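Please look over the model shown here before reading on.

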Amino acid sequence: MIETSERIFDKPGDKPQKTNTSIRVNVGLLDTLMNLAGELVLGRNQLLQGVSSSNTKATEVSSQRIDMITSELQEAIMRTRMQPIANILSKFTRVVRDLSQQSGKSIDLVLEGNDVELDKTILESINDPLIHLVRNSVHHGIEMPDEREKIGKNPIGIITLKAFHDAGQVNIVISDDGRGLDPQKILRAAVSKGHLTDQEVAQMSEKQKMKLIFLPGFSTAKEVTDVSGRGVGMDVAVTNVESLGGVIELDSTPGEGTVIQIKLPLTLAIIPSQIITVGNERYALPQVNLSELLRISAAEVKDKIERVGDSEVVRLRGELLPLFDLSKLLGIEETYIDPENNDELLERRKNIADRRSKKHALLKDGKTRALNTFEDTKQERTTKDRRYHAESALNIAVVATGTFKYGLIVDDLHDSEEIVVKSVGRHLKKCTAYTGATIMGDGKVALILNISNIAQTAGLSTVSESVKLAKAADKAAETCKDKAALLIFKNSGSEHFAAPLNMVERIERFKTSAIEQIGNKKVVQYRGGALPLYELSQVLDVESLPEKDQQEVIVFKVKNREIGLMVTPPIDANEVNLEMDESTLRQPGISGSMSINDHTTLLVDIFEMIKRLNPEWFADET
Amino acid sequence: MSKEMMKPTSKDLEFSTFYVGTTLCGINILKIEEINKHFNITTVPQSSDYIKGILNLRGRIITIIDLGKKLGLDSVEKNKDTRNIIVNSNDEHIGLVVNGISDVVVVREDDIEAVPSNINGVKGKNFKGVLKTEKQLIGILDIDEILKE
C-alpha cells in the first residue's frame, strides 16, 4: 500500500500508472494550495536574493518563512488525500440489513463519526477488515430474537460503528450487544484444531484465550457458510490492519457483547519516527510501534539483563521483556572502537552482560604477546576501569505491535523525526524487515524497520510467548502461595531447626540463674507467671543444649497458653519456599526437612511437640 | 571516442560499453538514464549479496546492484574508475556498479552475433548477443533478464 501512495507522489513524466483513479477535492482546499504555492515562490525569491547579496539576516527570515510554508503545504496536500470515513461506513447499512435478513435476526446499525477523515489508501484497505468484523458481529455476536428475549434483552440487536480521532490516530470501534466471546468455546476449538495443547490452555488468561480468535485458520463455527466459518477472517483482518501500521484490540464480556477497537494512523506517507543507529547505518523506527526508550548504564547491565535459556530478557517494572540485538537480527557485523588505539574491531562478546577484555582479543595472535599485553592492560586498569565506560551502556528501544512487545538493543538513539515514506525497489521486496526507506536531512537513505516482521524473524511467536509469560506468571503466583515465613534457629552447634513464624509470640533472653528447676520441669518467672521451658532434646532425638550464662527462649502461644523453647542463636526470620522432604528425617515432633541457606533444616511441629510434652492440654479435644 | 564511430541511422543501434572485471559489456543506450559517481550508499542488511545497497538519487530511492556479483564474476571493487550506471528496467530505476566506462559503439542490428555457449563463465541467458570489434568482443547484456528477481 505504500507503493500506491508512493506512485501518487511520483513526478510527472513517469509512465502513467494503469490505475486511472481520481479523487474529489474541495475547491476551497485547492485555493489554499494555490495560495501556498504562491507564497512558496515568493519565499524562494527572497531566499535567492538574500543568498546572492550575502545578507544573513534576510536569508534567515526567508528560510523561516519557507519552513512555515512547507509545513502548511504539507498539511494542505495531505488534506487533499483525506476522505470522510462515511464513504465506506455508509455501505454497512446495506451489508448489515442483508445479513440480518439472511440469518433471521433483527439488527440496528448505528453509525457515528461519519465526518472523520482518513487517508485514501488507508480508507481503501480498511474496508475489507471492517466488513469481516461486522459480519462476525452479525453472525457470531448477535443472538436470535427469541433467544434475546429469553435472557431479557431487546429482541433487536445493536451494532455500533464509531469513528473518532484520538491522540493523532483514528479509532474505529465496532461494538455489539450480543453474546460476547465464550473463552471456553474458543479454547475447545483451538485445542481440537491442534493450535494448542491442553497444557498450554491451562496456563492462559481469559484475555489470552480471547486473542486466540486472531490465530490463522481459527473458527468456532461448526459448518462453513457463505458468511463465516472458513477461519480465515480474523487473522486476515489483523494482518491487514497491522500492515497499515494499525492495532486491533479486543474486549468482550460474555452475555453483554464484544467491542473491537481499531487504531489507525492518519496517513501513511509521512510518519513520525525515532531515528536509531546500528553499525554504520541509521534506521527509522515508526513512533507508533515505539513504547519507550531504555538506557541501562554499564554498571547495571550485569544485574538487569538476565538470561533465560539462550535468550536475553530485561526486567522492566516487574514484566519480563524479551531482548534482541538488532544488529544480530539484521546480520550486521558488530564492531566496537577500541578505547586505547581507536581501531575498529569485530565484536566478540557472546552475552550482552559480558565485558570487553583485551586479553582475549590478542590470544588469537599468539600467547606470548597476549601475556605481555595482559600485564600492560592490568597496569592501565588501575587508572581507569574500562568496564564502566559510558559507551558500554545499553540503549534499548522498547517496541510493541498489537501482539508483540520486545526490546531492541541499538547502538545509538537520535532524534524523533517526521519522515517521508518511500518504497524500495523490487529487489528488496523480499527483505521483510523493512517497510520502506526514507531520505534523511543529509541526503542519505535510512531504512524503515518493520517491527512485527522483525519479531517474527526473531522467532517471537505470539501465542507461545504469551503462554510462556503466563507460565512464568503462574509460577510466580505458585511460589508466592507456597512461601512461608519461618523462624530459623539452632539447637546445638550444627543442628538447624525452623518453626512457623505465626505461632511465635516473642523471643526472650533469660539469665540461666533465673531458670528454676522444679522436678523434671524448668520454669522461669515471666510477666507475673511461670513460663514452662522445654528444650528439643526432651522430645526429639537430638543433642541437649550446652550450658551457658544466658538462655535464648522462643515463646510460642498454643491453646492460649505460653510455652518457652530454649534454643541457641542465631535466631532469624526468613521467607522460604516450602519444598519439604517429608520422609528422610521424619520423626515425631518434626514435620519434615528442607534446605535453607545450605543447611538441612528440620521443621518443628510445635503442636505435636507440646502434645507429647503436655498431653493433658489436648485431652479435651480427644 | 573511437574513430569508427559513425552517424547512427534508424537501423543502427547504439551501445554504451563498460567493463565488468575485465569483460567488456554493452547495454543499449536507450536503457540508460544516466551514469554517475554517487556512492553514498546505504547498505541493506539481509538482502541478497549482489545488492550493494540503496541510494538517494534526487529524491528517488534506487537499488544499487553489483553487476560483477550479479553476473557471477568477482565483486566490483571501488576505485577511481568505478561508475554507477542508472538503467530503466520495467519502470524502475536501478543502479549498476561497473569497473569502468568505455566508448559508445554504433552497430547495425545484424552485426550482433548469437551468444557462444560459454563466455568467460558468465551465464549465457544474461546476454542478448556478442559484438565483434577490432580490438575485443563486447557482450551485449539483456538488462531486463539480469534484473529479473
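Read along the sequence, chain B follows the pattern β-β-β-β-β-α-β-β-β-β-β-α, which comes to two helices and 10 strands; helices (H or I, at least four residues) and strands (E, at least two) are DSSP runs, numbered from the N terminus. This is a predicted model, in which local features need pLDDT of at least 70 and side-chain atom pairs count only at pLDDT 80 or more, while totals for chains, interfaces and linings use all residues; side-chain values use heavy atoms, with hydrogens and water left out. Residues are numbered from 1 along each chain as its sequence is written, and chains are lettered from A and ligands numbered from 1 in the order in which they are written.

Of the 149 residues in chain B, 49% are buried, where buried means under 20% relative accessible area, exposed over 50%, and partly exposed in between (1.4 Å probe, protein chains only). Among the contacts in chain B with a separation of 6 or more, 52% join residues 24 or more positions apart, a contact being heavy atoms within 4.5 Å.

Five strands of chain B form an open sheet in the order β3-β6-β7-β5-β4, with mixed pairing; two strands pair if DSSP finds at least two bridges between them. At the edges of this sheet are β3 and β4 of chain B, each of which pairs on one side only. Within the sheet, β4(B) and strand β5 (residues 60-66) of chain B run antiparallel and pair over six bridges, and I51(B) has I65(B) in β5(B) as its bridge partner.

Q46(B), in the loop between β3 (32-36) and β4 (51-57) of chain B, has a positive phi of about 75 degrees although it is not a glycine, and D91(B), in the loop between β6 (83-89) and β7 (92-98) of chain B, has a positive phi of about 65 degrees.

Over all chains, a search of the whole structure finds 22 salt bridges. One of them pairs E147(A) with R179(A), the closest N and O atoms being 3.7 Å apart; because E147(A) lies in helix α6 (residues 145-150) and R179(A) in the loop between β5 (169-176) and α7 (183-192) of chain A, the pair ties together parts that are 32 residues apart in sequence. In chain B, K132(B) forms a salt bridge with E113(B) at 3.4 Å between the closest N and O atoms. K132(B) counts as exposed at 54% relative accessibility, whereas E113(B) is partly exposed at 37%.

How values were computed: A salt bridge is a side-chain nitrogen of Lys or Arg within 4 Å of a carboxyl oxygen of Asp or Glu.
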